[in-house]
Amino acid sequence: MAILKIARMGHPILSRPAEPVDNPGDPEIHRLIRDMIETMADAPGIGLAAPQVHVPRRVVIFHVPADRAEDGEEGAEEAADEADEEVPLTILINPVVERLGDEMALGWEGCLSVPGLTGLVPRFTRIRYSGQGPNRDSIDRIAEGFHARVVQHECDHLDGVLFPMRMRDLSQLGFLEEMRLRVDAEREPEGGPPSEL
Ligand code: NI
């Protein structure tokens, strides 16, 4: 096991599409996953994509902790009850994300590859995602709210997209230390505080 170095915005590994994994059972992929889990826990973060640790493969890991699972998002109040679920550590290989509907919501995001910054990012509120697990199991889930946000953020990394590239209003991008008061004030409509994704 090893804690891997995390690439920061500007490194070319973060802006190019990652390659599919041919064999999810490959011991090298399993080693990568173990190292990603350790790296995410050390950071700490709640999600990590392989390109962030300089490996251009379509692998992401994430979890939704209990303290974030209850965060509703603007425009998603009706779905909040279904969305309020803690999601255990999930390993997704070759993920596919499909939006369910056109509804989007704004929420604060951070990223281990964009350290110190936070921004208000629009994401689809309801998605379906699928992929392979590390034991050749298949994963197929419907996600809403913060869970859906995390998956969209992580899978964007596989296509060379960082959260600032999804923002519509860059006046809402800033250093977390400077933005904290604004984030807290807008917590109700915008969901919870930024998390490192
Ligand atoms: Ni990220």
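**Notebook: a first look at the predicted model**

I began with Pro27, which lies in helix α1. Before going on I noted the ground rules: this is a predicted model, where local features need pLDDT of at least 70, side-chain atom pairs count only at pLDDT 80 or more, and totals for chains, interfaces and linings use all residues. Residues are numbered from 1 along each chain as its sequence is written, and side-chain values use heavy atoms, with hydrogens and water left out.

**Entry 1**

I looked up how open Pro27 is. Pro27 counts as exposed, because its relative accessibility is 56% (buried means under 20% relative accessible area, exposed over 50%, partly exposed in between, with a 1.4 Å probe and protein chains only). I then checked Pro27 against Pro134. They are 107 residues apart in sequence and 10.0 Å apart in space, C-alpha to C-alpha.

Next came the length of α1. Its 16 residues should span 22 Å at 1.5 Å a residue, and the end C-alpha atoms are 23 Å apart, which agrees. The expected span of a helix is 1.5 Å times one less than its number of residues.

Which residues of α1 are buried? I found Ile29, Leu32, Ile33, Asp35, Met36, Thr39 and Met40. These buried residues pack against β1, β2 and β3. Contact here means heavy atoms within 4.5 Å.

**Entry 2: either side of α1**

Pro20 lies in the segment before α1. I noted Pro20 as partly exposed, because its relative accessible area is 46%. Leaving out residues up to four places away in sequence, Pro20 touches Arg57, Arg58 and Asn94. Pro20 and Arg57 are 37 residues apart in sequence, yet 5.8 Å apart in space, C-alpha to C-alpha.

A cis peptide bond joins Ala43 and Pro44, with omega about -15°.

**Entry 3: phi values**

Most residues other than glycine have a negative phi, and most peptide bonds are trans. I looked for exceptions in phi. Asn94, in strand β3, has a positive phi near 50°. Arg136 is another residue that is not a glycine, with a positive phi of about 65°. I located Arg136 in the loop between β6 and β7. Arg136 counts as exposed, because its relative accessibility is 59%.

**Entry 4: the whole fold**

I counted elements next. The protein has 6 helices and 8 strands. Helices (H or I, at least four residues) and strands (E, at least two) are DSSP runs, numbered from the N terminus. Along the sequence the pattern reads α-β-β-α-α-β-β-β-β-β-α-β-α-α. Of the 197 residues, 52% count as buried. I also checked contacts with a separation of 6 or more: residues 24 or more positions apart account for 72% of them.

**Entry 5: cores and α4**

In soluble globular proteins, nonpolar side chains tend to be buried together. A nonpolar core is a set of buried Ala, Val, Leu, Ile, Met, Phe, Trp, Tyr and Cys residues joined through side-chain atoms within 4.5 Å. The largest one here has 20 residues; Val60, Phe62, Leu92, Ile127, Tyr129, Val150 and Val151 have the most contacts inside it. Two or more residues each come from β2 (59-64), β3 (87-99), β6 (126-132), β7 (138-144) and α4 (145-157). The largest share, 5 residues, is from α4. Apart from this core lies another, of 14 residues, including Val21, Ile29, Met40 and Leu48.

I followed up on α4. It is mostly covered: 13 of its 13 residues are buried. At 1.5 Å a residue they should span 18 Å, and the end C-alpha atoms are 19 Å apart, which agrees. Val150 touches Ile46, Phe62 and Leu197, not counting residues up to four places away in sequence.

**Entry 6: the largest pocket**

How much space lies in the largest pocket? I read off about 300 Å³. A pocket is an open set of points on a 1 Å grid over the protein atoms alone, where a 1.4 Å probe fits, with protein on both sides within 12 Å along at least five of seven lines; lining residues have an atom within 4 Å of a point. The volume is the space filled by probe spheres set on the points, which are joined across faces, edges and corners.

The lining has 18 residues, with Val97, Phe124, Gln152, Asp156 and Arg166 nearest the centre. β3, β5 (117-124) and α4 each supply at least two. β3 gives the most, with 5 residues. By class I noted 9 nonpolar, 1 polar and 8 charged residues (Ala, Val, Leu, Ile, Met, Phe, Trp, Tyr, Cys and Pro count as nonpolar, Asp, Glu, Lys and Arg as charged, and the others, Gly among them, as polar).
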